[in-house]
Amino acid sequence: MDIESGLIPVGDIAEAVDGFLAASPAARGWDVETAVDWSRADAGLLSEGQRSAVEFITLIEDHLPGYFEVYHRYFPVDDSVDARTFVHNRELYHFTVRWALEEDTHARALTRYQQASGMAERDALRTALAVEGRRPFDLPYEHPVQFFAYALVQEKATQMYYQQLRDVVGDPVLATVLSRLARDEARHFSFMADVVGRYLRVHGDAVVEPIRDVVAHFRMPLADTMRGYWRWALKIADVAEYDHTEAYEHLVKVIDRAVDARTDQVDELVRFIDQCRIVA
Ligand SMILES: [Fe+2]
Ligand SMILES: [Fe+2]
């Protein structure tokens, strides 16, 4: 299966993108410059584990160029695809650029927090971020639904982590930043949920195996490339729970909402997803 032949109709992706943009009006947007009183940021109010968590999520958010590139690689907006696919990808691009702007804002907000709170010097932080930032990122999937299913789990897991971290951090300025981020991730999740639901309604059982494959091999972004990722991930999980398998129940809800009656294949997929949660 190549990416092009597995797509949903352009009308479906356009509706999902319109829905996302309608839920994200500029008036409700925010920016790093005005949303937060940075002069009150104080890393002295954070525990060592909380500071470590901030460093970790800054690195993850700062890898945006790598994530953004994946969309261009698999949903190109040029003459490497046929006209019908181009039209689909051009619609998706309206989502991708807005999403990328929001994720870039997350990266800037977290680096700004590190500087303003006294956690890091700007030059040193920039240089440190470049070490991981230069590493390649890829999601080598073969079916288009897999990119959206992956992002569905990842956005929900990130949203949940930011909310949990917000509830325990000692610095109210950081709590404000994390609230903003969590709300954005929730909207990103909703878009992915909408798209995955459409894939299930359009393609039915044909997307069950590709989705199963995503869950079976799921790793959070940078888990395979970042030095010391697992040690770090375990350490920050002590501060607030960072268990991406908690997001799986939201994938199951999306599946249940999309299918009127579970086929044997869908039933088996849901059992498999539930098992992944219990084992983890
Ligand atoms: Fe983000
Ligand atoms: Fe996001």
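This report covers helix packing, the nonpolar core and several individual residues of a predicted model.

## Basis

The model is predicted, so local features need pLDDT of at least 70 and side-chain atom pairs count only at pLDDT 80 or more, while totals for chains, interfaces and linings use all residues. Residues are numbered from 1 along each chain as its sequence is written, and chains are lettered from A and ligands numbered from 1 in the order in which they are written.

Helices (H or I, at least four residues) and strands (E, at least two) are DSSP runs, numbered from the N terminus.

## Packing of α3 and α4

Two packed helices are described by the angle between their axes and the distance between the axes. Helix α3 (residues 64–74) and helix α4 (residues 83–116) have axes that come within 10 Å and cross at roughly 170 degrees. Therefore α3 is roughly antiparallel to α4. Axes here are lines fitted to C-alpha atoms, for helices over the stretch in contact, with angles from 0 to 180 degrees between N-to-C directions. Angles under 35 degrees count as roughly parallel, over 145 as roughly antiparallel, 65 to 115 as roughly perpendicular and the rest as oblique.

On the α3 side the contact is made by Leu 64, Phe 68 and Tyr 71, and on the α4 side by Thr 96, Ala 100, Glu 103, Asp 104 and Ala 107. Residues are in contact if their C-beta atoms, placed from the backbone, lie within 7 Å. By class, this contact has five nonpolar, one polar and two charged residues. Ala, Val, Leu, Ile, Met, Phe, Trp, Tyr, Cys and Pro count as nonpolar, Asp, Glu, Lys and Arg as charged, and the others, Gly among them, as polar.

Helix α7 (residues 172–203) has 32 residues and spans 46 Å from its first C-alpha to its last, close to the 46 Å expected at 1.5 Å a residue. The expected span is 1.5 Å times one less than the number of residues. Gly 204 follows α7 and has a positive phi, near 55 degrees.

Arg 166 lies in helix α6 (residues 144–168). Beyond four places in sequence, Arg 166 touches Ala 175, Leu 178, Ser 179 and Ala 182. Arg 166 counts as partly exposed because it has 19 C-beta neighbours inside 10 Å. The cut-offs are 20 or more other C-beta atoms within 10 Å for buried, 12 or fewer for exposed, and partly exposed in between, with C-beta atoms placed from the backbone.

## Nonpolar core

The largest nonpolar core has 71 residues, of which Phe 148, Ala 149, Leu 152, Met 192 and Val 196 touch the most other members. Such a core is a set of buried Ala, Val, Leu, Ile, Met, Phe, Trp, Tyr and Cys residues joined through C-beta atoms within 7 Å. Not counting residues up to four places away in sequence, Val 196 touches Val 145, Phe 148, Ala 149, Leu 152 and Val 254.

## Two loop residues

Trp 30 lies in the loop between α1 (10–22) and α2 (48–62). With 14 C-beta neighbours inside 10 Å, Trp 30 is partly exposed. Leaving aside neighbours within four places in sequence, Trp 30 is in contact with Ala 35 and Arg 180.

Leu 222 is in the loop between α8 (208–216) and α9 (229–237). Leu 222 counts as buried because it has 20 C-beta neighbours inside 10 Å. Its phi is positive, near 75 degrees. Most residues other than glycine have a negative phi.

Methods
Two residues are in contact if their C-beta atoms, placed from the backbone, lie within 7 Å.
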